[in-house]
Amino acid sequence: MITDIARLFARAAAFFAAALVLAVPAQAEWHRAESERFIIYSDSRADDLAEFAETLERYHVALSLETGRQVPVPSPSSRLTVYMVGSRDDLKRLYGSRRSAVGGFYIPRANGSVAFVPNVRVRVRDAGRGRVGTRYSRSVNVGVDPALSTLLHEYAHHFLIGSARHAMPSWLSEGAAEYFSSARFNEDGSVDIGLPNNDRAWELSQAAPVSLAELLDYELYRENKGNRYDAYYGKAWLLYHYLRFEPSRAGQLATYWQAVAQGAGSLEAAQAIFGDLGRLEKELHAYATQRRMAGMRFAADDIRIGAVRVEPLSEGHAAMMDVILRSKRGVDEELAAEVVADARAVAERYPGDAEVLAALAEAEYDAGNDDAAIAAARRAIAADPSVTNAYVQQGYALFRKAEAAQDAAAAFAAAMAPFEALNALETNHTQPLIYYYRSFTRQGISPPEDARFAIERATQLAPFDKNLAMEVAVMKAGEGQPAIARYLLAPVAADPHGGSRAATAREMIAVLEKVPDGRRVTFKNLGEAGDKEGDDGDNGGGGEGD
């Protein structure tokens, strides 16, 4: 047995060094897997990709069972798209830093959230002993590839935001994601949740300590952090795991979150619900060094998922994947020029492939070439009217051109045409809803009620898009509903990776707290992040920290 956290990690690390398996494709043939909640692109074998998609769907069901929350099946274009990009070095190049320790990253967007990971193969394990459907004990988790663990962490964020709009304190958000990221997938189809987290176990024993007060009060933590590498994530995981399984503290975790959701401060709520924090600190230390930790197992019969379809990409679509990966990652002006040149070269070879043309339209738009983007998008739609990205890119380019049009009303009406066509194809696609609202605001016109309802509907469909939340908060503040605006801004302000966006949200909340209901507040030059949601420089929720 493992007698302490440091030894637990050492044993697991030795296993990974010997047994970690990455998928090495027999040939560079790209495939796409589609399931209810995921679209996955990979040059792995079709069978491996199908298994990976099924694993992610099983993980989603296990999250639902563990939390008791249900997230509706998303509209087809709102599914999380996962790109398996090859080696770890390939991922670092795409991320933008070869020296980074990034293991995968995630960008939440109303126009389709994306995640990037190296090629991984899911390692299933013998389920071993343990009572099905209830708590059981395990001392170490050795069944999760680190890259897969990163994706599981980010999808846990995606799931929790989608199932509860209340702002989560930073420690609770990260602690929950770490708790779920150590999931294990067993040969018999069962899923284990809440196993010991090896990476965070090492962090607790080796990194600079974080006090419970600092963990619970993020502002205090930020004041004291400095440049040190510390155990914040490890401590968050440990506290979450302890509150989840310690019988004497049953129900405290849910009560704490409810109190915070109702407006109590994190530290204030913790002191009221957890009691003496000094005593809790000692309990956590003892918990970290105990011989065994509990976990949850959900039986295969309870993990029911829909069908997974895997198909090879066309030759042209496969040739365009390098362009697509860089476009979806996000480009600056210099990179946009490189990407569009590569996109044109591929399009010359495959002029009739709708996916190629849609990707070309996106690259042209990113490079500022609106007319070329519109032309490519129209050719894509003519080749295959079901390729939704072509409508989106055409609409983006038309909207940007409308900004400078002499007859703004006519230009914006024309710009709505591709979004209206897209809405007819997919009723709950977010972009027609968002851009219908913007067709008024960009002209300086107060949007009618149905346009306001449309963008509110979009934020319901994409609660993880923080830029969109800010835009709707600005609208609500302007309507004289500061309480609703604060509610929308709270998760944005609490985002530890939010950068300037989170700081702006906190400033807005400070203003709105002084405003009575019924009084309108106007925030100028805020609320829109541009045409590619999430690409304002502060996107994330992934990367090295997670």
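Student: Which residue does arginine 442 meet in a salt bridge?
Tutor: Glutamate 403. The two side chains meet at 3.5 Å, N to O. Keep in mind that this is a predicted model.

Student: Where do arginine 442 and glutamate 403 lie?
Tutor: Both lie in loops. Arginine 442 is in the loop between helix H20 (430–441) and helix H21 (449–461), and glutamate 403 is in the loop between helix H18 (388–402) and helix H19 (408–425). The pair therefore ties together parts that are 39 residues apart in sequence.

Student: Buried or exposed, for arginine 442?
Tutor: Arginine 442 counts as buried, at 19% relative accessibility. The cut-off for buried is under 20%. Glutamate 403 counts as partly exposed, at 45%.

Student: Which residues do salt bridges with shared partners join into one network?
Tutor: Arg32, Glu34, Arg79, Arg309, Glu311 and Glu355.

Student: Take arginine 309 from that list. What does it form with glutamate 34?
Tutor: A salt bridge, in which the closest N and O atoms are 3.3 Å apart. Arginine 309 lies in strand E10 (residues 309–312) and glutamate 34 in strand E1 (residues 31–34), so this pair ties together parts that are 275 residues apart in sequence.

Student: And what is the relative accessible area of arginine 309?
Tutor: It is 47%, which makes arginine 309 partly exposed.

Student: How many salt bridges does the structure hold?
Tutor: The number is 33. Another one of them is formed by arginine 228 and aspartate 230, with the closest N and O atoms 3.8 Å apart. In that pair, arginine 228 counts as partly exposed at 28% relative accessibility, while aspartate 230 is buried at 6%.

Student: Change of topic. Which residues gather in the patch of negative charge on the surface?
Tutor: Asp332, Glu333, Glu334 and Glu338. As for Glu334, this residue is found in helix H15, which covers residues 333–349.

Student: Is glutamate 334 buried or exposed?
Tutor: Exposed, with a relative accessible area of 60%.

Student: What about glycine 352, where is that found?
Tutor: In the loop between H15 and helix H16 (354–366). Glycine 352 counts as exposed, at 59% relative accessibility.

Student: How many residues apart in sequence are glycine 352 and aspartate 384?
Tutor: They are 32 residues apart in sequence, and their C-alpha atoms are 9.5 Å apart in space.

Student: Next, serine 78. Where is it found?
Tutor: Serine 78 sits in the loop between helix H2 (46–67) and strand E3 (80–84). Its relative accessible area is 11%, so it is buried.

Student: Which residues does serine 78 touch?
Tutor: Leaving out residues up to four places away in sequence, serine 78 touches Glu426, Asn428 and Thr430.

Student: Now the whole chain. How many helices and strands?
Tutor: The protein chain has 24 helices and 10 strands. It has 546 residues, of which 56% count as buried.

Student: What share of contacts joins residues at least 24 apart?
Tutor: The share is 71%, taken among contacts between residues at least 6 apart in sequence.

Student: And what does the accessible surface come to?
Tutor: About 22,700 Å² for the protein chain, with 49% of that belonging to carbon and sulfur atoms.

Note on methods. Residues numbered from 1 in each chain as written. Predicted model: local features only at pLDDT ≥ 70, side-chain atom pairs only at ≥ 80, totals over all residues. Heavy atoms only, no water. Patch = residues over 30% accessible without salt bridge, like charges linked within 9 Å, V, L, I, M, F, W, Y side chains within 5 Å. Areas by Shrake-Rupley, 256 points an atom, 1.4 Å probe, with all protein chains shown as cover. Salt bridge = Lys/Arg side-chain N within 4 Å of Asp/Glu carboxyl O. Lys, Arg positive; Asp, Glu negative; His and termini not counted. Charge placed at Lys NZ, Arg CZ, Asp CG, Glu CD. Helix = DSSP H or I, 4+ residues; strand = E, 2+ residues; numbered from the N terminus. Buried < 20%, exposed > 50% of the residue type's maximum accessible area, 1.4 Å probe, protein only. Contact = heavy atoms within 4.5 Å.
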